[in-house]
Amino acid sequence: MPRVLLAELAHARSGDKGNTVNIGLFPYREEDYQLIKEQVTAERVREHFRGLVEGEVVRYEVPNIRAFNFVLRGALGGGASRSLRSDNLGKCFGANLLRLYVEKD
């Protein structure tokens, strides 16, 4: 099975509040919703962000608009005003998630 970047199948929008990151993931095509549902799990996203996310990752499915919302807790080193990271904003996390590889038929 060929591997493709998630960026080829979806776009993302992300942001932060305190020490939590929120990533909305939106497939371009209806037929890719199920593939993303099966492969882009909360566990896989947590592993993708290993070393950055210290807390839980929760995935919410929004099937009526064929989208997903990921909430990553403990993701910003304490939050923007407390972190020593030079670039810790949640906006970067959406682009980072799109670098995840998935298998496509």
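Salt bridges, then. This is a predicted model, and the structure holds seven of them.

Start with R29. R29 pairs with E31, and the closest N and O atoms are 3.9 Å apart. How accessible are the two partners? R29 has 34% relative accessibility, so R29 counts as partly exposed. E31 comes out at 56%, so E31 counts as exposed.

Next, K104 and D32. Their closest N and O atoms sit 2.9 Å apart, and the two form a salt bridge. Where are they in the chain? K104 lies in the segment after β6, residues 101–103, while D32 is in helix α1, so this pair ties together parts that are 72 residues apart in sequence. Buried or exposed? D32 has 1% relative accessibility, and the buried class runs under 20%, so D32 counts as buried. K104, at 24%, counts as partly exposed.

Now put those two pairs together. R29, E31, D32 and K104 are linked in a network of salt bridges.

E61 has 36% relative accessibility and counts as partly exposed. K37 is partly exposed too, with a relative accessible area of 29%.

On to the rings. The structure holds two aromatic pairs. Take Y33 and F68. Why does this pair count as stacked? The ring centres are 4.7 Å apart and the planes meet at 10°; stacked means planes under 30 degrees apart, so the pair qualifies. This pair also links distant parts of the chain.

R3 lies over the face of Y101, 4.3 Å from the ring centre.

Now the core. The largest nonpolar core has 26 residues. Which members touch the most other members? L25, F70 and L72. Which elements give two or more residues to this core? They are β3 (20–27), α1, α2 (42–48), β5 and α3 (91–97).

Look at L25 in detail. Leave aside its neighbours within four places in sequence. L25 is then in contact with L6, A10, H11, A12, I36, V40, A67, F68, F70, L97 and L98. Note F68 in that list. F68 is also the ring stacked with Y33.

Last stop, S14. S14 lies in strand β2, residues 10–17. Its relative accessible area is 16%, so S14 is buried. What does its side chain reach? The backbone nitrogen of G94, at 3.0 Å. Not counting residues up to four places away in sequence, S14 touches N22, I23, G90, K91, C92, F93 and G94.

To recap. Helix α1 holds D32, the partner of K104.

How values were computed. Residues numbered from 1 in each chain as written. Predicted model: local features only at pLDDT ≥ 70, side-chain atom pairs only at ≥ 80, totals over all residues. Heavy atoms only, no water. Phe/Tyr/Trp six-rings, centres within 6.5 Å; stacked < 30°, edge-to-face > 60°. Helix = DSSP H or I, 4+ residues; strand = E, 2+ residues; numbered from the N terminus. Lys NZ or Arg CZ within 6 Å of the ring centre and 35° of its normal. Buried < 20%, exposed > 50% of the residue type's maximum accessible area, 1.4 Å probe, protein only. Polar contact = N/O pair within 3.5 Å; in protein donor to acceptor, adjacent residues only side chain to side chain. Contact = heavy atoms within 4.5 Å. Core = buried A, V, L, I, M, F, W, Y, C linked by side-chain atoms within 4.5 Å. Salt bridge = Lys/Arg side-chain N within 4 Å of Asp/Glu carboxyl O.
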